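Hi,

Here is the model I promised to pass on. My notes follow below it; have a look when you get a moment.

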Amino acid sequence: MPQVIEEKQEQKEKQERNIVVFRLNGTPFALDIQNVQEIVQQSDIVSVPGAPPFILGIVNLRGRIMAVVDTKRLLGIGETSTDKVLVMVAQIDERLVGFTVDEVEQVARIASDAVEPVSNLISSEETRKIEGVLRLGGKLVLLLDANRLLDEETLEAAMSQQH
Amino acid sequence: MVELSQDELELFVTEAEENIANLENGLLKLEREGDAALVAELFRYAHTLKGSAGAAGLVEMSQLAHAMENLLDEVRNGKRNVTSELVDTLLECVDVLRAMVLALRDGEKQPDPSLLVRKLSAFSEEQRNQSDTSDQKVSMSSGEICATLNIFIKPECQMPSARAFQAYLIMSRYGEITFLDPPVSEIQAGRAKYRLVAQVKLPDDNSLSEMEQELTRFGDLVVEVQRQKDGQKISEIVTAQREVETSAAPQAELQSVRVSIEQMDALLNLVGELVIERARLERGVRKVAELNGNGIAEELQGVTERVSRIVSQLQEALTRTRMVPLNVVFARFPRLVRELARSMNKRVQLKIEGEDTEIDRALVEKLNECLVHLIRNAIDHGIEPPDERTAAGKPPEGLIEISASQSEGSVIVVVRDDGRGIDPNKIRRKAMERGLLTEEQASSLNDDDAIQFIFRSGFSTKEEVSEVSGRGVGMDAVKAAMEQIGGTIDLHSQIGAGTTVTLRLPLTLAIIPALLVRVGGRLFALPMHSVTEVLDLQRSDIQEIGTGEKVLVLRGNPLPLFSLAKLLGIPNGGTEGTGVIVRQQEKLIAMSVEGVKGKDEIVIKPLGYPLHNLRSFIGATILGDGSIALIVDLNGLTIRR
């Protein structure tokens, strides 16, 4: 009964998801693979005068201009050095935005219910950007919420800090 | 209701919109110069609309068109005079018809026209009682027959569209055409090819054979007549006919396709990339030529040249596809002028010229905004009331002329009125009241320069605030809108004789000429339309004023001098030895840069999220070597020391 098998697979897929695990300052973070288009090495990032401080600059991604975010600055955990960086190209609502990462560890398949909500241990501004936390190979991984990483609220907060 | 396929729906909507627009324009003309030919033309539009709506199963739309047709028929037969009231009522129908078509296109609920239909028949009724007439042309009589005609135009026919139109005229003389494919509008647009399908309601068999004879008299027409069986519904036949047509006509018959703007932009982007790669290719080939003097380099150069040419042509052709005729903007103005003039008790005639001039679709909205504003100003502030005009020895009816043309990569739109003109003394007074000018300055200012003060924000000279022009937004808003799309505005006025406003805007927004300058050790692009001059600062007269502010004296004019690096907030990367004079708002300012690399045609690419709101840059462009240059928005740049 091939139909039954398909149905079962579909159910199974619903309960599982793929995530890309990467490191920033040694700490593991993750993003749902649905939001990740590719990972590219970028050496010529052009800074944009007047842009929010967490924007490293813009790059030429095969003829398209894409903004690159200094993920560490965005998350408030340091700063990325500019010369040569690894950029994770994320697709958020049809928009392409690059996020700097130190290294990409793996693509992992996890059970959807393995993601637990974050506790109040972290401040609210940071929790907003985090979908949840999960345990992978004995380590805690923070799963980032792609839709909130760069939403209007984040931008406004960043701009008000600047002025 | 007949279920229409998406294609049929689109076809119907396009056709109906065209007929409605023709009706509207015709009605506006009718009020002015009501001649018999025009009434007949209007009757035909209503009639065609009735037919196609009926065929599409849109009973209510068909009824409304029919009611209009009846009224127009009465005008045609001389039973009714053209009055403003009649035109008003018919224009109201046009609005409802348009709303119905829009609702149909968007799959929304149809507005109910029954009230209007009743109003129209009451209109008709009232007239009929007065004139007591019994003959009504568009009614069914017992001997009436219906025939379907398949008319083939032989390939040797030199002008198939003209022939098709002749056939259409003949058929409409003999009877009522209830269906025609291609529709009249298509035929008139020269898009009839080899076949015409018509359904004609005729008074009797005799007229059918006469009509057939007259049609076959043209040697290059083959006519097939099929008399309709009794009891068969017209709509059934029409639908069947349409199906036959659709299956019979090959796809290649389609003359145009709809492409979304996003798709167009994607294509344009690809071509933009191709342009960039072309530059790289050319450079590579030059290098090969330097290294290797024999045949290979020459051959490569030949190929590169051809590829370059093709890329240029491709770029041009694609940019063309984004162009639309200015008619899309101008078409709404006759109605606007009529309504505004009436509300202000003025008489205004509108003349439009050059509506075929093409413009980038992306500019349409802003241009429309500006023109609507200028028209309002002309009617409100410019054109005098009829008695005042007569007293001044002018014809009681004012004139507004809008003309468009293309020259040297720009589109020029001129709006001219023959009204009272702008009084430079009023402007001087106002500018003094506002503290913009001292009395001394005001008196030394020539008239032309004084008038330019109306471009200052918040400047308005009409004493009382009228409902139409309102307060606050004025010429400054028009100027800002024009600058946003890289255009300029020029105004001349002669008191008593009228005002002329000239708008100059770029043909396209996607590719612009730009000056590449070096700032902070890297390249930035400045749109050429803002740049007026480039000069060597070492040889220029630069003076320092007390607080370290610099002034460049250019041919006797002192211009403030800024460092572009400082304005952008970046450290400079060397001696700023070159000056660029740019236009910012209405003033000229000088900017110092580290050098100029040259002029180039650049493709504007959006900075993308989350940098889309940055005011200092229009976007970025990718240069020949693959590097990025930000394009400075000279109007968005904040000027500070």
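Gly520(B) takes a positive phi near 60° in the hairpin of β12(B) and β13(B), where two residues sit between the strands. Strands here are DSSP runs (E, at least two residues), numbered from the N terminus. Before you go on: this is a predicted model, so to speak of local features I needed pLDDT of at least 70, and side-chain atom pairs count only at pLDDT 80 or more, while totals for chains, interfaces and linings use all residues. Residues are numbered from 1 along each chain as written, chains are lettered from A and ligands numbered from 1 in the order written, and side-chain values use heavy atoms, without hydrogens and water.

β12(B) and β13(B) pair antiparallel over six bridges (pairing needs at least two DSSP bridges), with Leu526(B) as the partner of Leu515(B). β12(B) also pairs antiparallel with β20(B), over eight bridges, and there Ala514(B) stands opposite Asp600(B).

Now the interface. The contact (heavy atoms within 4.5 Å) takes 18 residues from chain B and 23 from chain A. About 1700 Å² is buried between them, 69% of that from carbon and sulfur atoms; this is accessible area (1.4 Å probe) lost on putting the two together, summed over both. Tyr609(B), Pro610(B) and Ile628(B) supply 40% of the area chain B buries against chain A, more than any other three residues.

Cheers

Definitions and conventions: Helices (H or I, at least four residues) and strands (E, at least two) are DSSP runs, numbered from the N terminus.
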